[in-house]
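Hi,

Here is the structure we talked about handing over. Please have a look at it first; my notes follow below.

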There are 2 protein chains.
Amino acid sequence: MSKSNIVTPKRTRGDGANRIFNILREEILSMQLSPGHPVDEVGLAERFGVSRSPVREALVRLAAQGLVSTLPNKSTIISPLNIEEFPQYIDALDLLQRATHRLAAILRTDEDLANIDLCQQQFAQAVEDGDVVAMIERNQAFHMAIANASRNSYLGKSYSRLLDEGRRILRLYFRSYNDTLPPELVVEHDHIIAAIRSQDADLAERLAHEHSIEVKTRFLEYMATSHTSGIKVS
Amino acid sequence: MSKSNIVTPKRTRGDGANRIFNILREEILSMQLSPGHPVDEVGLAERFGVSRSPVREALVRLAAQGLVSTLPNKSTIISPLNIEEFPQYIDALDLLQRATHRLAAILRTDEDLANIDLCQQQFAQAVEDGDVVAMIERNQAFHMAIANASRNSYLGKSYSRLLDEGRRILRLYFRSYNDTLPPELVVEHDHIIAAIRSQDADLAERLAHEHSIEVKTRFLEYMATSHTSGIKVS
DNA sequence: AAAGTAAATTTAGTATACAAACTGTATTCA
DNA sequence: TGAATACAGTTTGTATACTAAATTTACTTT
């Protein structure tokens with residue numbers, strides 16, 4: 001193992017498009033690339049040191065997930081997030097969340113519980129650190145760990161898709177906390193875990209529901225706050 | 001308009017990959033291309049009279065929808081359908097179906113109703129004709145017309161995705177009818193329409209649920225029938 | 001000066017060319 | 001005879017080259 005792989009980061013064949021896809025996906029979901037921003041194929045090709053082909057494949061896959069929108073014969077752009085659909089989004093998320101969490105309470109194995117606990121630990125750490133980006137990621141991982149325990153890949157995939165799609169909105173949502181993340185978030189998760197551990201399906205579903213309703217309420221309140229109401233204009 | 005466009009079917013630029021995607025998707029969903037069957041890029045390129053590039057783009061998009069599976073550096077194949085997950089599939093479908101149909105009953109406009117009626121007409125025609133393939137298509141269009149009336153694009157997309165993913169399984173399911181499609185199928189749809197028209201959300205949800213449960217029951221019965229039980233082996 | 005049209009530039013879509021990885025066969029050695 | 005390695009053939013992933021569409025710019029015309 002004396003071969004220095006510092007310079008060459010293992011550019012294995014077939015990995016190019018994958019790599020670009022993952023990086024771009026991360027950058028889009030974390031809002032480093034802002035919605036509506038145009039995407040330049042040749043620019044990306046240069047940046048990643050590859051040709052347009054793998055870049056194109058990555059973009060096609062991102063488009064399939066709705067993360068970028070390609071206008072025919074014109075530039076592709078980072079998909080704008082239409083915040084006016086937020087209530088509908090939460091409705092959908094709530095439904096899938098209730099379903100997966102309920103099933104998880106019934107079907108979870110001890111291994112599932114261990115997984116969920118681990119995710120919760122990491123989530124709590126992110127909250128404590130006040131690291132919003134990490135926290136969103138851990139939050140998603142936490143709920144997906146539960147969804148995986150529900151033993152229904154179809155629900156799991158739909159739920160995962162929604163969480164992904166909403167990650168950018170959640171990024172906005174957590175701005176409402178002004179970067180001081182309250183420990184209540186962790187406590188709620190703890191309650192959900194307890195319900196799943198004791199296999200109380202009704203409770204798990206109810207907590208999941210309250211969880212999403214709280215997100216909805218808080219976000220709408222946040223959106224409703226007028227930041228200019230204190231300014232006299234007359 | 002004297003220009004003969006018989007030979008050249010309007011090969012507009014930018015349409016190539018799209019065209020191939022749609023055709024292949026249709027062929028996969030209708031089971032003309034059997035699950036597990038390998039897909040040859042150059043073969044497809046020759047068949048459609050294009051290069052590998054648009055074929056590749058189409059395949060990437062099909063892969064994103066789970067219709068083909070690409071093994072890295074090896075051939076891509078038509079995704080196998082794992083029938084053992086059928087109960088889970090129906091569970092997921094049932095949930096989304098209930099949700100969309102309930103919301104549709106509450107939020108439907110008169111225009112939605114007209115749409116739904118139209119789809120039902122075409123569905124009934126396919127049943128009468130005993131055209132299984134057309135019927136599956138119309139059935140999907142019917143339920144999507146309802147889902148569109150639910151005014152929730154997130155639920156709509158998840159539901160649509162499930163319907164797509166399950167179309168091949170439904171193809172198997174309808175084999176249980178031995179090509180003599182019973183008019184009961186049409187009647188059930190009529191009941192759902194009536195519930196949505198009268199905006200009876202509870203009823204719409206219940207009927208949607210019964211609809212999927214019936215599919216599940218019948219399919220499992222069908223799968224359980226032993227076609228070799230009449231053969232003596234000892 | 002405003003508007004319309006034509007040329008030029010940019011960029012997306014497609015075609016082709018090349019290279020790496022996998023498959024299978026054959027030959028060699030134990 | 002069987003296993004292992006090497007070689008050939010096929011195929012995927014990537015690079016490059018080309019074409020057409022769309023936007024921009026400049027020029028002409030009223």
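Predicted model: local features only at pLDDT ≥ 70, side-chain atom pairs only at ≥ 80, totals over all residues.

Helix α4 of chain B covers residues 86–107, and helix α6 of chain B covers residues 132–149. Their axes lie 7 Å apart and the packing angle is about 60°. The crossing of α4(B) past α6(B) is left-handed.

Chain A next. Which residues of α4(A) meet α6(A)? They are A:Gln97, A:Thr100, A:His101, A:Ala104 and A:Leu107. Across from them, α6(A) contributes A:His143, A:Ile146, A:Ala147 and A:Ala149. The class count for this contact is 5 nonpolar, 4 polar and no charged residues. The axes of the two helices in chain A come within 7 Å and cross at roughly 60°. So α4(A) and α6(A) are oblique to each other. Here α4(A) passes α6(A) in a left-handed crossing.

How do the two copies relate? Chain A can be laid on chain B with an RMSD of 0.1 Å. That takes a turn of 180° and a shift of 0.0 Å along the axis. The two copies are thus related as by a two-fold rotation axis. The same surface serves both copies, as 100% of the contact residues of chain A recur in chain B.

Finally, the overall layout of chain A:

- Elements: 9 helices and 3 strands.
- Order from the N terminus: α-β-α-α-β-β-α-α-α-α-α-α.
- Domains: domain 1 spans 16–78 and domain 2 spans 83–224.
- Domain centres: 28 Å apart, taken over C-alpha atoms.
- Domain contact: 9 residues of domain 1 touch 7 residues of domain 2.
- Extent: the C-alpha atoms fill a box of roughly 70 × 55 × 35 Å along the principal axes.

Best wishes

Terms used: Residues numbered from 1 in each chain as written. Chains lettered and ligands numbered in written order. Heavy atoms only, no water. Axes fitted to C-alpha atoms, helices over the stretch in contact; angles between N-to-C directions. Helix = DSSP H or I, 4+ residues; strand = E, 2+ residues; numbered from the N terminus. Parallel < 35°, antiparallel > 145°, perpendicular 65-115°, else oblique. Left-handed = near helix turned anticlockwise from the far one by under 90°. Contact = heavy atoms within 4.5 Å. Nonpolar A, V, L, I, M, F, W, Y, C, P; charged D, E, K, R; others polar. Least-squares fit on C-alpha atoms with pLDDT ≥ 70 in both. Domains from an automatic or database assignment.
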